[in-house]
Amino acid sequence: MHDGSGRIVVQNLSKQFGAVNAVQNLSFTVEPGSVTGFLGPNGAGKTTTLRMLLGLVTPTAGQATINGRPHSQLGNPARVVGSVLENEGFHPSRTARNHLRVYAAAIGVPDRRADEVLGLVGLGSAADRKAGGFSLGMRQRLALATALLGDPQVLVLDEPTNGLDPEGILWLRNFLRSYAREQRRTVLVSSHLLNEVEQLIDQVVIISQGVTRYYGSLDQLRKSQQSRVLVQPADPGALVKALQENGITAVSPTPDGRVAVAGSSVQQIGDLAAKAGIAVYGMQEDHADLERMFFQLTQGQFAGGPGQQPQPQYQGPPPGYPPSGPQQQQHWGGPQR
Ligand SMILES: Nc1ncnc2c1ncn2[C@@H]1O[C@H](COP(=O)(O)OP(=O)(O)OP(=O)(O)O)[C@@H](O)[C@H]1O
């Protein structure tokens with residue numbers, strides 16, 4: 001039997017398709033009570049990981065469990081985990097209600113559950129319409145309704161914001177937040193765009209080329225951001241020298257001829273430049289946003305100068321988990337394994 005914890009554990013998971021290492025030694029844990037974003041650029045291995053979690057792809061190594069068990073050992077899995085994967089089709093001439101009834105029968109829940117879940121996803125008034133005529137956003141809602149049929153403890157959604165308008169995204173946020181927080185369920189949503197799910201998630205697992213790059217709370221990721229000041233001096237070389245002589249070493253030239261200074265205020269830099277007799281034509285505070293951080297984590301090097309790389313605010317595995325878990329995979333912009 002599964003342990004009923006609602007916990008997802010991915011441990012040293014790998015998948016190779018021929019010469020392609022789709023997922024490499026990936027580890028993370030998702031706890032109930034919050035919405036976790038599973039983020040990475042196109043081809044990072046998100047869908048493959050979710051498919052392994054859902055028992056649709058066999059891992060080359062490692063394991064993915066829900067409630068302490070691989071999907072194949074969950075008994076009636078639809079009662080434990082509901083999922084929406086990309087490109088799921090509907091019979092076009094079947095009404096939404098009938099579509100749901102077919103699935104309800106397959107997992108052994110009563111017909112009336114079809115109307116309940118239609119109400120939950122805001123499709124109550126479209127129950128008798130054919131799914132073939134649904135908009136992309138409506139199809140997303142119907143897919144979510146299907147995932148909810150078994151009243152599962154865990155929800156796994158692949159790119160759920162695709163096709164949703166801003167109102168739909170707001171609705172989804174409220175729905176998933178209340179599903180996770182008020183009912184202490186586990187929600188894992190994947191996306192290749194951080195800004196699309198930023199409003200939706202509390203925790204984040206960021207992967208790139210199948211490797212975990214960050215795993216922790218979104219708040220901590222935000223706090224770890226370091227802003228910098230972009231200075232346009234008459235003589236960049238002289239300014240760099242003056243700053244370094246005054247102990248400000250997180251300084252680097254930018255390709256457009258400016259000087260990026262981290263860890264100092266506009267006033268400090270202005271005072272120093274004035275003291276050194278260096279004319280400054282402009283200064284601009286540049287706050288690193290989450291999207292830039294995401295890009296840095298998944299694409300390459302931190303854009304600032306040496307010595308200013310932020311430390312990962314890694315939250316660590318839950319108590320009782322062995323240290324061989326994801327924290328050993330934490331690194332920022334370093335070489336990918
Ligand atoms: N069945 C398969 N056969 C061969 N290669 C595959 C297969 N499925 C995925 N891949 C490859 O594995 C890598 C990871 O793909 P995956 O779909 O998991 O990434 P993703 O992060 O979900 O990307 P996206 O955001 O574009 O959906 C890609 O290089 C992809 O081409």
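Biologist: Which residue in strand 12 does V231 stand opposite?

Modeller: This is a predicted model. Strand 10, residues 228-233, and strand 12, residues 259-262, run antiparallel and are joined by four bridges. V231 lies opposite a residue of strand 12, and that residue is V259.

Biologist: What is the bridge partner of P253 in strand 12?

Modeller: Strand 11, residues 251-253, pairs with strand 12 in the antiparallel sense, over three bridges. Within strand 12, the bridge partner of P253 is V259.

Biologist: In the hairpin of strand 11 and strand 12, which residue takes a positive phi near 90°?

Modeller: The hairpin has five residues between strand 11 and strand 12. The residue with a positive phi near 90° is G257.

Biologist: Turning to residues other than glycine, what is the phi of N67?

Modeller: Most residues other than glycine have a negative phi. N67 is in the loop between strand 4 (61-66) and helix 2 (77-80). Its phi is positive, near 55°.

Biologist: Does N67 count as buried or exposed?

Modeller: The cut-off for a buried residue is 20 or more other C-beta atoms within 10 Å. N67 has 22 C-beta neighbours inside 10 Å, and therefore counts as buried.

Biologist: Where is E159 placed, and what is its phi?

Modeller: E159 belongs to the loop between strand 6 (154-158) and helix 6 (166-182). Because E159 has 22 C-beta neighbours inside 10 Å, it counts as buried. E159 is not a glycine, yet its phi is positive, at about 50°.

Biologist: Which element gives the largest share of the shell around the ligand?

Modeller: The ligand is surrounded by F17, V20, A22, G40, N42, G43, A44, G45, K46, T47, T48 and H192. The elements that give two or more residues to this shell are strand 2 (20-30) and helix 1 (46-53). The largest share, three residues, comes from helix 1.

Biologist: How many residues of the shell around the ligand are polar?

Modeller: By class, the shell around the ligand holds four nonpolar residues and one charged residue. The number of polar residues in the shell is seven.

Biologist: In the largest nonpolar core, which residues touch the most other members, and which helix gives the most to this core?

Modeller: The largest nonpolar core has 66 residues, and the members that touch the most others are A145 and V189. The element that gives the most to this core, with seven residues, is helix 5, residues 136-148.

Biologist: What does A145 touch, not counting residues up to four places away in sequence?

Modeller: Residues up to four places away in sequence are left out of this list. What A145 then touches is L100, V117, L118, L120, V121 and L123.

Biologist: How many residues are in the other core, which lies apart from the largest one?

Modeller: Among the members of this other core are L239, V251, I269 and M283. The number of residues in it is 13.

Biologist: How far apart do the C-alpha centres of domain 1 and domain 2 lie?

Modeller: The protein chain is divided into domain 1, residues 8-223, and domain 2, residues 225-290. The C-alpha centres of domain 1 and domain 2 are apart by 45 Å.

Biologist: What share of the residues in the protein chain is buried?

Modeller: The protein chain has eleven helices and 13 strands. Of its 337 residues, the buried ones make up 39%.

Notes:
Residues numbered from 1 in each chain as written. Predicted model: local features only at pLDDT ≥ 70, side-chain atom pairs only at ≥ 80, totals over all residues. Near = placed C-beta within 6 Å. Nonpolar A, V, L, I, M, F, W, Y, C, P; charged D, E, K, R; others polar. Buried ≥ 20, exposed ≤ 12 C-beta atoms within 10 Å, placed from the backbone. Domains from an automatic or database assignment. Core = buried A, V, L, I, M, F, W, Y, C linked by C-beta atoms within 7 Å. Contact = placed C-beta atoms within 7 Å. Pairing = 2+ DSSP bridges.
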